[in-house]
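User: Hi! I'm new to reading structures. Could you walk me through this one?

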Amino acid sequence: DEAGSALLISLLIGLVSAGISAMCYAEFASRIPVIGGSYIYIYTSSGEVLGFMTGFVKILTQMCSCAINSIGAIGYLRSFVQS
């Protein structure tokens, strides 16, 4: 009740900025005719070193998430077997 029209204006600003960002990403993706994610974008725009670092961070993130999920699954299995 206290926000008034500021809430609507901020939502419209967010909508416009998200739309512009989507158009920029779409234009950039159309300039690179290779299938890929952030690695290909960084490799093409910034070079080989930053592309390698991006790929390494993505692999490291996957390894950490797999380790965390397996720790949780083992804990759940252990409590299930003990009871």
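Analyst: Happy to! One definition to begin with: a helix here is a DSSP run of H or I with at least four residues, and helices are numbered from the N terminus. Also keep in mind that this is a predicted model.

User: Okay, how high is the mean pLDDT of the protein?
Analyst: The mean pLDDT is 85, and 98% of the residues reach 70 or more.

User: And which elements have the lowest and the highest mean pLDDT?
Analyst: Helix 2, residues 38-46, has the lowest at 80. Helix 3 has the highest, with a mean of 90.

User: Let's look at rings. How many aromatic pairs does a search of the whole structure find?
Analyst: The search turns up two aromatic pairs. One of them joins Phe52 and Phe56, which are stacked, with 6.4 Å centre to centre and 20 degrees between the planes.

User: Why are Phe52 and Phe56 separated by about one helical turn?
Analyst: Because they sit four residues apart in helix 3, which covers residues 48-82.

User: Is Phe52 buried or exposed?
Analyst: Phe52 counts as exposed, because its relative accessibility is 59% and the cut-off for exposed is over 50%. Phe56 has 47%, so that residue counts as partly exposed.

User: Got it. And why is the pair of Tyr76 and Phe80 stacked?
Analyst: Their ring planes are at 15 degrees, with the centres 6.5 Å apart, so the pair is stacked. Planes under 30 degrees apart count as stacked, and centres have to lie within 6.5 Å for a pair.

User: Where are Tyr76 and Phe80 relative to one another in helix 3?
Analyst: Tyr76 and Phe80 are four residues apart in helix 3, so about one helical turn separates them. Both residues are exposed.

User: New topic: at what angle do helix 2 and helix 3 pack?
Analyst: They pack at about 165 degrees, and their axes are 7 Å apart. That angle makes helix 2 roughly antiparallel to helix 3, because the cut-off for that label is over 145 degrees.

User: Is the crossing left-handed or right-handed?
Analyst: Helix 2 passes helix 3 in a right-handed crossing.

User: Which residues meet there?
Analyst: From helix 2, you have Ser38, Tyr39, Ile42, Tyr43 and Ser46. On the helix 3 side, their partners include Phe52, Gly55 and Lys58.

User: Gly55 again! Is Gly55 buried or exposed?
Analyst: Gly55 counts as buried, because its relative accessibility is 17% and buried means under 20%.

User: How far apart are the C-alpha atoms of Gly55 and Ser21?
Analyst: They are separated by 23 Å, and the two residues are 34 apart along the chain. As for Phe56 and Tyr39, they are 17 residues apart along the chain, with 9.5 Å between their C-alpha atoms.

User: Last one: where does Leu8 lie?
Analyst: Leu8 lies in helix 1, residues 5-31. At 52% relative accessibility, Leu8 counts as exposed.

How values were computed
Residues are numbered from 1 along each chain as its sequence is written. This is a predicted model: local features need pLDDT of at least 70, side-chain atom pairs count only at pLDDT 80 or more; totals for chains, interfaces and linings use all residues. Side-chain values use heavy atoms; hydrogens and water are left out. Rings of Phe, Tyr and Trp (its six-membered ring) pair if their centres lie within 6.5 Å; planes under 30 degrees apart count as stacked, over 60 as edge-to-face and the rest as tilted. Helices (H or I, at least four residues) and strands (E, at least two) are DSSP runs, numbered from the N terminus. Buried means under 20% relative accessible area, exposed over 50%, partly exposed in between (1.4 Å probe, protein chains only). pLDDT is the predictor's confidence in each residue, from 0 to 100. Axes are lines fitted to C-alpha atoms, for helices over the stretch in contact, and angles run from 0 to 180 degrees between N-to-C directions. Angles under 35 degrees count as roughly parallel, over 145 as roughly antiparallel, 65 to 115 as roughly perpendicular and the rest as oblique. A crossing is left-handed if the near helix is turned anticlockwise from the far one by less than a right angle, and right-handed if clockwise. Contact means heavy atoms within 4.5 Å.
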